[in-house]
Amino acid sequence: MGNKPPIPDMKELMESIKSGKIVDEVSKKVTESQVWTSSFRHGYADTPRNRVLQIASNVWLHLHPVKIHRHALRVKFTWCMGGITFLLFLSTVVTGVILMFYYRPVGEYAYFDMKYLQYDVPFGMVVRNMHRWAAHSMVITVWLHMFRVFLTGSYKPPREFNWVIGVFLVTFTLLLSFTGYLLPWDQLAMWAVTVGTNMARATPFLGSEGPFQEYVFGVSPRYDARSVLLGGSLVGPPALLRFYVLHCIFIPLVAGALMIVHFWRIRKDGGISGPL
Amino acid sequence: MAAPPKKATEAVPEKVHVWPYLVRLEFLCAIIVTVFLTVWSIVIDAPLEEAANPTKTPNPSKAPWYFLGLQDILVYFDPWFAGVVAPVLIIVGLMLIPYLDVNPKGNGYYTYTERKAAIWVYCFGFLVLWIALIIMGVFLRGPGWNLFMPWQYWDAHKVVALTNVDLPYALGFRSYNSQTIVGGIIIIGYFVVGTGIYMFMERKAMQSVGFLRMIIKIVLVLIMIGIVIKIVLRLGFNIKYVWVTPWFNI
């Protein structure tokens, strides 16, 4: 019975509040608690050790190395375009998931869900705008990133392989944008995708109107490169569903995986390029 | 910008901590981009036209803007090239760049003088064949995919006389077979002669660069130049095809 905590003296308590000592006491209690020490594994004071730990012990930040060359900070050199492309990708992921709550990729519903998003869903139009503009911007920034990497010769050894990954990522960026283009299911969407996918008809050997298709058994307007893409011989509801699945699941997963390789490779190849 | 000299500044350390120097830069950049995107999204609405209608084809029907360079090439080439082979060549060609360009200079800094040819080829492909054609496709192509200047009315009934002929015909060959043979000689001759001239002029580089690299490099460049030649032939001389065969036309 002798282990009872002492009842705080009112006078002492008032004194510690007035002098501000209570803040130190509470923060000491909190930062030494099991919950805190298990969550935050190092202090925040600006010491060299903490600067290292801030990167090395954080799952999101540890894509970075702990230290980089000074020249890698120069915006004149990097144009920031790779990072901006990734940020825009993340913006489309966030806004895209929100849109998926309201949008059904079905011929009868898709267009009316767009109208619903536009006029009835709180902030629906802003979310949709953000998704579309981020996607368009991403196409531009990824081109500029590629241009910068070319102009600085950053594809040269030892970074050849990462350039190849980058070309895949450019392609997937365009495909992401293109598959998303159909989803509003309006005239703009349907005919842009019709024009785009009509090209597949002319695929050599595998397209029903392509060169040498007569030498391949079974190629017809219903069974060729284009119909595989569309799930039919025209841009109809099956194409809408196909593009939706490609847009929301398949391409983002593949592109995401390639992004991880792309970023990891930057570190493995010795950080971003620079004068040796 | 010229290559910075090595160890220009001895006093400052060569390496810096990512936290805070890089992370704060990324954070600042992220804030600016996010603010920009938010304002843009509030101010300008994404387009939504009338519901999709497979029986009502708009004129012009345009692909998404980033593909309009390819769609514009359709004027000059058949779909198997403009829509399938050209995109594949672009992707494969881009991937091959690090393996074809063996010039060790210009790695990690901006330089024009140390790698003039590489910069020219890329800028030509990117800025002219890709970006300029996109701008043309977005702003200057109207109904019937006809050319309209920005101040001209998009007249859906504009009549453009189709007076194009094939190149062998223009050269005076009238029978189908002779046209096919002449066209084939022109196309194959273009590549053989082009490759031959390049190989002869760069024969000293054969040892260091390698035969296969040089062949792939020159063929890809010749295709790029060939696209421009075809555009000039069509716009300037009303040439439709150079080579007509039973299977494909170029």
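Good morning. I begin with helix α8 of chain B, residues 211-237, in this predicted model. At 1.5 Å a residue, its 27 residues should span 39 Å, and the end C-alpha atoms lie 36 Å apart, which agrees. The expected span is 1.5 Å times one less than the number of residues, and helices are DSSP runs (H or I, at least four residues), numbered from the N terminus.

Among the buried residues of α8(B) are B:M214, B:I218, B:L222 and B:K230; buried means under 20% relative accessible area, exposed over 50%, and partly exposed in between (1.4 Å probe, protein chains only). The buried residues of this helix pack against α2, α3, α4, α6 and α7 of chain B. After α8(B) comes B:N238, with a positive phi near 55°.

Next, the cores. A nonpolar core is a set of buried Ala, Val, Leu, Ile, Met, Phe, Trp, Tyr and Cys residues joined through side-chain atoms within 4.5 Å. The largest has 78 residues, and A:W143, A:W163, A:L182 and B:Y122 have the most contacts inside it. Its largest share, 10 residues, comes from helix α4 of chain B. A second, separate core of 20 residues includes A:L169 and B:L37.

A:C80 is partly exposed, at 21% relative accessible area, whereas B:C29 is buried, at 17%.

A note on conventions: residues are numbered from 1 along each chain as its sequence is written, and chains are lettered from A and ligands numbered from 1 in the order in which they are written. Local features need pLDDT of at least 70, side-chain atom pairs count only at pLDDT 80 or more, totals for chains, interfaces and linings use all residues, and side-chain values use heavy atoms, leaving out hydrogens and water.

Terms used. Helix = DSSP H or I, 4+ residues; strand = E, 2+ residues; numbered from the N terminus. Contact = heavy atoms within 4.5 Å.
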